[in-house]
Amino acid sequence: MNTDLITLLADRLRDETEIHRAKVFPYQLMTAYKNCSAEIPHAIREALQDAMEIATANVPKIPGRVAVCIDVSSSMGWSITGWRASATSTVRCIDVAALITSCILRKNPNTTVISFNHDSQKIILNPRDSVLTNAEKLAELLGGGTNCGAAMRYLAKQETTPDVVIFVSDNESWLGSNCGDTEAFRYWKRILTKNPSAKLINIDIQPYGTTQTPDCASIANVGGFSDVIFDFIHNFVTTPTAQHWVETIESITL
């Protein structure tokens with residue numbers, strides 16, 4: 001490819017004005033980056049990383065104490081699109097979950113990050129590191145079984161509980177369930193006793209028709225993923241009544 005053309009494309013990709021005008025979010029850029037073949041010039045790959053950093057400005061800041069619980073169990077290694085033969089995405093569930101986490105951390109530097117598989121642990125990340133760097137660090141934790149309740153148990157036992165919990169998982173938890181009630185929901189109720197105004201956004205990035213937590217005033221269950229999830233999280237946290245959501249849904253033209 002012509003060097004001048006490569007430079008032109010790279011400059012256009014990292015054009016801050018264009019990125020903000022188009023309201024491009026990091027996921028779209030990460031997908032493009034991960035689909036780059038070896039033949040794609042290095043300058044283009046670097047420009048996509050630069051664009052990803054710029055695009056974090058389009059992610060809204062979340063008010064209050066924020067915690068993100070990220071599923072790093074083995075099942076998160078599946079493609080985000082599922083198996084579709086030649087159409088299977090190179091982006092895995094863990095990549096999406098890690099990107100959500102690192103974007104939220106960038107805009108909310110005091111975010112508590114909890115990874116979980118069969119157990120849970122607090123992860124220390126530098127919010128000034130690149131979004132892609134932090135996403136790759138989290139993705140390296142992949143492995144183990146799934147206990148969605150482990151992360152919620154960790155948070156419930158802390159002296160200071162979060163105002164907002166963002167749970168990112170495929171919700172395929174085979175540990176911690178009992179007679180239809182889940183450990184995740186039981187510990188969420190404990191968090192609410194300490195912080196009655198707390199909100200939980202449970203992002204099920206590969207919905208199978210089951211969930212770890214029921215919909216209620218304090219919980220929003222989201223099936224699937226797109227970049228609009230960041231605005232949804234902000235709106236759910238900052239909107240105190242359900243009537244807003246009724247009006248929002250009714251305003252949509254089908």
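1. Two strands are taken to pair if DSSP finds at least two bridges between them; helices (H or I, at least four residues) and strands (E, at least two) are DSSP runs, numbered from the N terminus. The model is a predicted one, in which local features need pLDDT of at least 70 and side-chain atom pairs count only at pLDDT 80 or more, while totals for chains, interfaces and linings use all residues. Residues are numbered from 1 along each chain as its sequence is written, and side-chain values use heavy atoms, with hydrogens and water left out.

2. Strand β1 (residues 66–71) is joined to β4 by five bridges, and the two run parallel; Val68 stands opposite Ile166 in β4. β1 also pairs with strand β2 (residues 112–116) in the parallel sense, over five bridges, with Ala67 opposite Thr112 in β2.

3. Six of the six residues of β1 are buried, so the strand is largely enclosed by the rest of the structure; buried means under 20% relative accessible area, exposed over 50%, and partly exposed in between (1.4 Å probe, protein chains only). In a regular strand the side chains alternate between the two faces of the sheet. Here Val66, Val68 and Ile70 point one way, and Ala67, Cys69 and Asp71 the other way.

4. Helix α7 (residues 148–156) is largely enclosed by the rest of the structure, because eight of its nine residues are buried. Among the buried residues are Cys148, Met152 and Arg153. Their cover includes β1, β2, β3 (120–123), β4, α8 (183–194) and β7 (199–204).

5. Asp170 is located in the loop between β4 (164–169) and β5 (177–178). Although buried, Asp170 has no salt bridge, and the nearest side chain of opposite charge, Arg92, is 12 Å away. A salt bridge requires a side-chain nitrogen of Lys or Arg within 4 Å of a carboxyl oxygen of Asp or Glu; Lys and Arg count as positive and Asp and Glu as negative, with His and the chain ends not counted.

Key. Contact = heavy atoms within 4.5 Å.
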